[in-house]
Amino acid sequence: MNQPRLNTSPHVSDEVRKTTCYMCACRCGINVHLTSGRVSYIEGNRDHPINKGVLCAKGASGIMQVTAPSRLRTPLRRVGPRGSGAFEPISWDEALQTAVDWMRPLRETAPEKLAFFTGRDQSQSFTGWWAQAFGTPNYAAHGGFCSVNMAAAGIYTLGGAFWEFGAPDWERSKLFVLFGVAEDHDSNPIKIGIGKMKERGARVIGVNPIRTGYNAVADDWIGITPGTDGLLILSLIHCLLEAGKVDLEYLSRFTNAAYLINEAEGPEKGLFVRNAEAQPFVIDRRSGMPAPWEAKGVQPDLGAVWQGHRTVFQHMAERYLSPDYAPEAVAARCGVTALRIRQLAAELASVAFDQAIEIKQPWVDFRGDEHATMIGRPVSFHAMRGISAHSNGFQTGRALHLLQILLGAVETPGSWRMKPPYPKPMEAHPTPHFVAVPGKPLSGPHLGYVRGPEQLALLPDGSPARIDKAFSWENPFSAHGLMHMVIPNAVAGDPYRIDTLFLYMANMAWNSSMNTAQVMEMLTAQEADGSYTIPRIIYSDAYASEMVAYADLILPDTTYLERHDCISMLDRPVSEPDAAGDAIRWPVVEPDRDVRGFQSVLLDLGARLGLPGMVAEDGRAKFKDYADYIVTHQRRPGVGPLMGFRGNGDGEGRGAPNPDQMARYIENGGFYQAHVPEEAAFFKPWNRAYQDWAVQVGLFDTPQPYLFNIWSEPMRRFQLAAEGHGAVQPPDHLRARLKLAMDPLPVWYEPFGDAAEPFGFTVHALTQRPMDMYHSWGSQNAWLRQIRGHNPLFVPTKLWQQHGFSEGDWARVTSATGQITVPVVHMAALNENTVWTWNAIGKRKGAWALNEGATEAKQGFLLNHLISELLPAKGDGMRYSNSDPVTGQAAWFDLRVRIERADPPADGHSRPAFGAIRPVVPEGGKR
Amino acid sequence: MTCLPGKTERALGLVIDLDTCVGCQACVTACKGWNDQGYGVPLSDQNPYGSTPSGTFLNRVHSYQVQPEAAAPMIVNFPRSCLHCTDAPCVTVCPTGASYKRVEDGIVLVNEEACIGCGLCAWACPYGAREMDAAAGVMKKCTLCVDRIYNENLPEEDREPACVRTCPTGARHFGDLADPGSAVSQLVAARGGYDLMPEQGTRPVNKYLPPRKKDRPDQASLLAPLLDIQATGLAGWLDRVLGKI
């Protein structure tokens, strides 16, 4: 044997620079290896709280993102018709001056004529601050078409939400139930967690019409009918109540279950009974008398009746004990057998109560009552877009949180835990600010949490103040705005026209819009005089996405390795339940093109426009660039974008700006963590040690203990308005809908999309995002597109056989809105009435520097063409958005279709097939 | 013909847990990323932005549909790479001696300088684990990251294959399968780890852990109602429930 001699210790790289990934919303720590000044390898950062060294397929392919031929290279000005892709390169000075020339007159006369919306922006506390300084009410990010139902349902119920803002107690949980979770948000922590749980032999149950990814490894799979999760959950609640398997102590101490509901007819009906100080109160079991809810030693009586008013607990029990919620009554609708529902209820109860855990950690609650140990209910849940992207998604999210609460399974050991800055009561969030005054900033943040009708963003005539109609009667709790309605509303002039649409990282001409074909027409719609109906469109992106062709001015952004960013506590940090955490990005390589980080460009624009906060006393720009802002900006005295190394370098959460802060972050691996003390680790909303710690590190300025909202008083206030009470009244055509949707106890109603069923649209159609792609970014990635370069429509066995499909077949899929013709593939592990495909694989020809014959542009397709942004007309002349009536979340998954076998198109192209866009960057060649 | 060593001092390999692999493809691109700049020639891509991109990968993940008897249909995600077989047919078939199995640790490697790109080894491998690099014309395969696992330029904790280091669910394990006391051997013993296609007589070193039995809901007794609510009404139920506090 002559084995070659190997050097098993080759040189790895010249240098490792630690920064933060940006291939999705997970924001993992990465080690970027550089060799001869170029990126040579990317791996996970083992010290990082989010990913602990691991990295997903996207993150490990980042090198192909940084070198992608689709990168924009220089500012561009449109020279051909909008949508043609004809541009000329211009200088940054010219580009910025053009933008200023368009924006300045708007600010001086009608700031609302600028609509600034951001897509996969990870700097919303900054972009929102900029928009506030400009003075337009028309700002939001993409949460409205993403998963605002989960955020809003969580905040209004628990003061915290799923997304990445909470996590199962992976170390202790014995049963983990996932509802409608695809593999995107918080993806590496969830994968790490599932791996840990399975290693311990804990059980994982997936509730999802589609059994891929996490659901594929689940020990049990419940292939539920889309849009019925809320009904299933309320039936589980029925079973638990029927058997008395609820955590009464927890309900009594930590929720508003013991509040009294006013039963007197009139404007107070259904609100909490209040004392002379206008505070809700409880009946103390020790005395049978009213007592403050936060009094030391109080034992709130769940069964109290006081002057004819009953507790929330009794109202809740009355509703869900109704035979309407019995498993036998909901089984057919949910596509889950009654036995299976009863088994799941029994399993939840068994783990929560018979397998309860206890941590020997004394703690003191906000009432001052001492607890010798921490009792845990080791049942955890997670849910995401699958249950929230329905028109009943907000109430479904509320129902799931109620289930968690009844089990005592929030913020207890083994259950689901919040990550700082959560828990945070709804009352600690701002209300929406929306009054535009020429030349002035907005008086506060755009987005917030409405408490009652008087906080809606309405003009004096009652019409919506915002272009997206957020915080209007159509969707009162639209905490993330409705980005999906901006373009349709602006073109319809409903509620008004705008002048300049300013978009960042939002592919609205393709996969991020409902009804894509018509949105492209809207973007190019012209008035009688030939002018565009949306007169000006400015767009910033790093890549030649489909949206680029529809803008008039392009501000090219950097890639994620070429920029500064902060992943901030003011925004969406990288906390874990045991530690507040934030992070940075920094230019680990310099751009080799004439591009600039968008946030620095915004600051430059802000200074040129003279926006408050962006101009120094001498009239020059206050901030050199975004990095300077990150370090020196203070949102409140001593509190800025980054929490670590403040003041002289020792300040945690609070402290004066420290010029060395960025360097300290880089030295620390790109992130900072402030650890929650052990006695503060659980029961956070009520734990005095946690509340004190939160004040110490600057999350709050005073302790903010609160009770979970089983009964939602803000919702009831809207119902009261719909019933005719109060000064601020809804339009008559929305009264019935508000009464239904704003129920103060979780309720299930048919998704609005089900109205299509009688017309033969009997099949549900869904999309999922694969773990190896993020939105449209993956397809330009030379490695990832080899893994998933096209997307068939997956068809369940029943439909496959019914329509006589065989391998290689195509189908025509029709909805009330449109029709597509696409390749099909059989999939057995799928709800029998559901078809689905991967999201955003399909591409427009000419975009993303791909060859026009790319599989993504040829067979690849979008379901978006089948989904209208509006509900079918009701004959009342109104435009009803296809959204949740509470939050305005885009109801993507309400989609109903009809499917039939179709002849494969002779050209092999899926339909609809759009003409090619003239590429704005050359097609990619070799890599 | 190339000879296999009679016995290797160690048998380094992977244990892949099919019960926890979610099919996320992380190992695929971590492998591509490391090995594109690691052992031997880069892993080339052809028409990377063209109509039919293709390229060399040393590790791929496939998803299979499985229909168990009397249970719901399943998806099994199956990572596939070189199994570093004890009786590796890819080695014995090699006409130049380029393919070889290392005596010290059993890793099967291709000496690219001696490889003539004849492709016989890929034909001989029953697992389809070797890929001819279309640009370089040499055979590429999993090296078990031989340039990582002993690499003194890496922190000790990183001396494991790139796919193992990156796997988010912890479904990939690396170690010495010749040592019955090693963590990987014990995992194989505890979980019924098995050889892929044992009938091929290749005696793979890598092992797969089978998916656990699924879709067997807890058969514990269902919850019994506290009482007949229809008969007692809500008041009776409340009395009974609150009596428990």
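Two residues are in contact if their C-beta atoms, placed from the backbone, lie within 7 Å. Keep that cut-off in mind on this tour of a predicted model.

**Stop 1: α7 and α10 of chain A.** Select Leu231(A), Leu232(A), Ser235(A) and Cys239(A) in α7(A).

Next, show the two helices whole. α10(A) covers residues 327–334, and α7(A) covers 229–242. Their axes lie 10 Å apart, and the packing angle is about 160 degrees. Angles over 145 degrees count as roughly antiparallel, so α7(A) is roughly antiparallel to α10(A). Turn the view to see how they pass each other: the crossing is left-handed.

**Stop 2: helix α9 of chain A.** Select residues 312–320. Which residues of this helix are buried? They are Val312(A), Phe313(A), Gln314(A), Met316(A), Ala317(A) and Tyr320(A).

In chain A, show α7, α8 (248–254), β12 (260–261) and β16 (309–311). Then cross to chain B and select α7 (229–242) there, another packing partner of α9(A).

**Stop 3: where the chains touch.** Show both chains. Here 82 residues of chain A are in contact with 71 residues of chain B. Which helix gives the most to the chain A side? Select residues 338–354 of chain A: this is α11, which gives eight residues. Finally, colour the whole chain A side by type. Its residues divide into 39 nonpolar, 23 polar and 20 charged.

Technical notes:
Residues are numbered from 1 along each chain as its sequence is written. Chains are lettered from A and ligands numbered from 1 in the order in which they are written. This is a predicted model: local features need pLDDT of at least 70, side-chain atom pairs count only at pLDDT 80 or more; totals for chains, interfaces and linings use all residues. A residue is buried if 20 or more other C-beta atoms lie within 10 Å of its own, exposed if 12 or fewer, and partly exposed in between; C-beta atoms are placed from the backbone. Helices (H or I, at least four residues) and strands (E, at least two) are DSSP runs, numbered from the N terminus. Axes are lines fitted to C-alpha atoms, for helices over the stretch in contact, and angles run from 0 to 180 degrees between N-to-C directions. Angles under 35 degrees count as roughly parallel, over 145 as roughly antiparallel, 65 to 115 as roughly perpendicular and the rest as oblique. A crossing is left-handed if the near helix is turned anticlockwise from the far one by less than a right angle, and right-handed if clockwise. Ala, Val, Leu, Ile, Met, Phe, Trp, Tyr, Cys and Pro count as nonpolar, Asp, Glu, Lys and Arg as charged, and the others, Gly among them, as polar.
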